[in-house]
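Please look over the model below with its helices in mind. A short report follows the display.

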Amino acid sequence: MLIVAVFMVLLLGVVMGQILAPRVFSSTVGVHPIVAIFALFAGAELFGLIGGFLAIPVAGVLQHVVVAFWHRWVQKHPEQFPQEELPHQQSTPSPEQKVAQADSPALE
């Protein structure tokens, strides 16, 4: 019975710590769950318990700083980001349009 209890506690810890927590933190802080997982691993490995606690908020702040810098860069240097033009597609009449054209009287 003790083995089952230890297994359940470990399983619950893995599910809560490695699967559920990154999803909750990512929706709260605004980072992708993969980024949250890597931030947890890196923070805990580099700075221990405190790094694990602060990893996702720091990743969120860094993400917002990088995104703000990128948007400012795009606004200040528009020549480096030309507008993409969609290729011109020739439209072919649909079968309904062909029937409608055949039924309409010709203008003479």
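The report below covers a helix, a surface patch and a ring pair in this predicted model.

## A kinked helix

Helix α2 runs over residues 33-76. A straight helix of 44 residues would span 64 Å at 1.5 Å a residue. Between its end C-alpha atoms, α2 spans only 31 Å. The helix has a kink of about 150°, and that kink is centred on F47.

Several α2 residues are buried. Among them are A36, A39, L40 and G43. G51, G52, A55, I56, A59 and G60 are buried too.

## A nonpolar patch

Which residues make the nonpolar surface patch? They are L49, I50, F53, L54, V58 and L62. The patch covers about 650 Å².

L62 sits in α2. Its relative accessibility is 52%, so L62 counts as exposed. The cut-off for exposed is over 50%.

## The aromatic pair

How many aromatic pairs does the structure hold? There is one. F69 and W73 form it, with 6.2 Å centre to centre and 35° between the planes. The pair is classed as tilted.

Both F69 and W73 belong to helix α2. They are four residues apart, about one turn of the helix. In an α-helix there are 3.6 residues a turn, so residues three or four places apart point the same way.

Notes: Residues are numbered from 1 along each chain as its sequence is written. This is a predicted model: local features need pLDDT of at least 70, side-chain atom pairs count only at pLDDT 80 or more; totals for chains, interfaces and linings use all residues. Side-chain values use heavy atoms; hydrogens and water are left out. Patches are made of residues with over 30% relative accessible area and no salt bridge: like charges are joined within 9 Å, nonpolar side chains (Val, Leu, Ile, Met, Phe, Trp, Tyr) within 5 Å. Accessible areas come from the Shrake-Rupley method with a 1.4 Å probe; for residues, only the protein chains shown count as cover. A salt bridge is a side-chain nitrogen of Lys or Arg within 4 Å of a carboxyl oxygen of Asp or Glu. Helices (H or I, at least four residues) and strands (E, at least two) are DSSP runs, numbered from the N terminus. Buried means under 20% relative accessible area, exposed over 50%, partly exposed in between (1.4 Å probe, protein chains only). The expected span of a helix is 1.5 Å times one less than its number of residues. The bend at a residue is the angle between axes fitted to the seven residues ending there and the seven starting there. Rings of Phe, Tyr and Trp (its six-membered ring) pair if their centres lie within 6.5 Å; planes under 30 degrees apart count as stacked, over 60 as edge-to-face and the rest as tilted.
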